[in-house]
Each structure stands twice: as structure tokens, then as C-alpha cells.
Amino acid sequence: GSGSSMMTIYEFNAKFRVVSEMEYKLPGFALISDFAVTDKYALFVQPPVTTNGMQFMMSKDPSKTLKVEQGEALLHIIKRGSPDMKTIPIPFDGASDADLHFCNAFEDGNGKVIFDVIRSDSRHVSSKPQSWPWSSTTDSYDKSSSRKSLWRYTVDVKSAVVTKECTSDMQTYFGIVNPSRSGQNYSYIYAAVGAESADSKVSPPQGIVKINPETKEKQVWYPKEFEFCGEPMYAPRKNSD
């Protein structure tokens, strides 16, 4: 719609006490699924959304009222603990920037903010997921599941320019980093990945990948063909990233 949304950001200390509470006005209906923080900033991506007021009056069902449109998303860069917010359009490349899964974000020291995300591209989806067990064949899973790939976004804060590059086109889920590197630069991203296939079909999460986002080098481990991994967890080891 043409209205606006209010977003409140809370920051807590180690004792879970509120140390900062700030409100921000965002344009239109803000449908935000995830966010990331750096030392200085909080980052939010807002995709273009249209609302159907008549449908809402009839059904009260948000899933039937809201529609994510194809087009430029907005990146909101908010200075932590401050009312300062800068909004930068993200160039549209044909795939939506809605439903980004943030792995991490950091400042490079030269005025740029970098963040790694898993993007979902549902342009090829031709059917809706069924009831449990959802999919019984790789073909049905492919037709009802979005493609997920790892991307790196670079933001020049001063010039208000966003660029993005694909780091890995493997079917990627649940990206994480070493928790001690949260909000800082890091060497590796860990994620669940689907099995690679010659016909490029979308596969459910099965193995684990370790990716260097700078060099794009990766190491992949798969269990047996009838075994599947879920979301990875990071257990830190001393002097290790």
C-alpha cells in the first residue's frame, strides 16, 4: 500500500537488560524476514509488497492479502542506538531479494558494509508443497521448492551503491559462521547443502559445506545416500575459524 510501517529495534546487554530502544518509519508495508548487525550498523532488507485491503476485510488472512512484487528491494542501514537511517535501493537482477537468510555482515574499514546471504529464487516453482511427507520424489521436491544459493552483497555506504555476486550456486540452506566472528570479518561460512545433480534439480538439505566467501573455495561432506543433515551448529575450537 501507500502507507508506512513502524519498526522498533531493541538492543540488550549480556544480562538481557534493554540498553537501547529506537523506532523507525519504513515506507509501505514492511515485510522483513531477517536482519544482520555489524559493529556500527543494523541491516534490514525490505522487498516491494502490495496489499489487497478488500481481501483482508473478507478473509483476515495475511497470506491472501500480501503479495511480494518483482522489483527493487530497499536496504535500510541503521546506525545502532541512533535515529539515523539510510535507505538504499538494491538493483533488481530478475530474482527477488525477499526472504534473505543472513549468514553474517561486517564493515571492511573502507566505508563499505559486506554481508553474505542465502537467496531464494522461486521463479521455477510450478506446484505447491503437499501435505506430509511433502515430497516423495526428487522431481516433486524440485517442482515445489525454491532454488537457494549463497551471495555476497557489498554496500558503499557513502555513495549509496549496492552490488551483489554469487558465491556458490549449490542448493544451500541454514548458513552460519563462527559465533565469535559475528558482525566481523570471517574466513568461512558453514551450511547444509543439497546433493548436486547433472540435471540441476533442487535437492533437500543432505550434506554440509564449508565455503571461503573470498576465494569461493569449498569443502563438501555428504552422509550415506539415505541420510540427511539438518541445520549445522558450530562448536568452536581454540585458534580456529
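Q: Over the ring of which residue does the charged end of Lys-210 sit?
A: Happy to start here: this is a predicted model, in which local features need pLDDT of at least 70, side-chain atom pairs count only at pLDDT 80 or more, and totals for chains, interfaces and linings use all residues. Residues are numbered from 1 along each chain as its sequence is written, and side-chain values use heavy atoms, with hydrogens and water left out. A charge sits over a ring if NZ of Lys or CZ of Arg is within 6 Å of the ring centre and within 35 degrees of the ring normal. For Lys-210, the charged end is 4.2 Å from the ring centre of Tyr-188.

Q: How are the rings of Tyr-190 and Tyr-234 arranged: stacked, edge-to-face or tilted?
A: Rings of Phe, Tyr and Trp (its six-membered ring) pair if their centres lie within 6.5 Å; planes under 30 degrees apart are stacked, over 60 edge-to-face, and the rest tilted. Here the centres are 5.4 Å apart with 55° between the planes, so the pair is tilted.

Q: Is Tyr-234 buried or exposed?
A: Buried means under 20% relative accessible area, exposed over 50%, and partly exposed in between (1.4 Å probe, protein chains only). Tyr-234 has a relative accessibility of 19%, so Tyr-234 is buried.

Q: In which strand is confidence highest?
A: Confidence here is pLDDT, the predictor's value for each residue from 0 to 100, and strands (E, at least two residues) and helices (H or I, at least four) are DSSP runs numbered from the N terminus. The lowest mean, 65, belongs to helix H1. The highest, 95, belongs to strand S9.
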